[in-house]
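This briefing is for a reader who is new to the structure shown below. It begins with one contact, then turns to the residues around it and to the chain as a whole.

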Amino acid sequence: MNLLFLILGTAGCAVLYLSHRHQGWLRQPLPSAARVAGVLLLAASLAAALAAWTPLTAVFAWLVLAMLAWGLLPFAALLRRRAP
């Protein structure tokens with residue numbers, strides 16, 4: 001359940017980031033329907049965390065994962081090489 005929590009949470013944050021108009025990874029942001037998928041992935045991540053830990057620990061870990069992912073995703077675009 002711990003690994004499922006990490007995978008779903010990171011994927012949900014990535015999908016929500018990539019659907020924003022100011023994202024730096026793709027030429028065009030993902031369609032707005034992807035936001036629903038991102039929210040569902042984050043909800044599934046929270047459900048997996050609640051199944052693995054106590055509610056207070058699960059919500060805390062879920063929030064920390066979201067803050068970490070959304071803090072690092074914009075900078076990960078800087079590591080990509082741009083085509084000349």
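**A contact of W62**

The side chain of W62 comes within 3.0 Å of the backbone oxygen of L42. The model is predicted, and every value in this briefing is computed from it. The chain it describes has three helices and zero strands.

- W62 belongs to helix α3, which covers residues 55-79.
- With a relative accessibility of 22%, W62 is classed as partly exposed, because that class lies between the cut-offs of 20% for buried and 50% for exposed.
- Apart from neighbours within four places in sequence, W62 touches F5, L42, S45 and L46.
- W62 and L41 are separated by 21 residues in sequence, and their C-alpha atoms are 12 Å apart in space.

- S45 sits in helix α2, which runs over residues 33-52.
- Is S45 buried or exposed? Its relative accessibility is 0%, so S45 counts as buried; the cut-off for this class is under 20%.
- A polar atom of the S45 side chain is 3.4 Å from the backbone nitrogen of G9.
- When neighbours within four places in sequence are set aside, the contacts of S45 are F5, L8, G9 and W62.

- I7 is part of helix α1, made of residues 2-18.
- The relative accessible area of I7 is 51%, so I7 is exposed; the cut-off for this class is over 50%.
- Together with L3 and L6, I7 makes a nonpolar surface patch of about 300 Å².

**The chain as a whole**

- In sequence order, the pattern of the chain is α-α-α.
- Along the principal axes, the C-alpha atoms fill a box of roughly 50 × 25 × 15 Å.
- The chain has 84 residues, and 30% of them are buried.
- Of the contacts between residues at least 6 apart in sequence, 61% link residues at least 24 apart.

Methods. Residues numbered from 1 in each chain as written. Predicted model: local features only at pLDDT ≥ 70, side-chain atom pairs only at ≥ 80, totals over all residues. Heavy atoms only, no water. Helix = DSSP H or I, 4+ residues; strand = E, 2+ residues; numbered from the N terminus. Buried < 20%, exposed > 50% of the residue type's maximum accessible area, 1.4 Å probe, protein only. Polar contact = N/O pair within 3.5 Å; in protein donor to acceptor, adjacent residues only side chain to side chain. Contact = heavy atoms within 4.5 Å. Patch = residues over 30% accessible without salt bridge, like charges linked within 9 Å, V, L, I, M, F, W, Y side chains within 5 Å. Areas by Shrake-Rupley, 256 points an atom, 1.4 Å probe, with all protein chains shown as cover. Salt bridge = Lys/Arg side-chain N within 4 Å of Asp/Glu carboxyl O.
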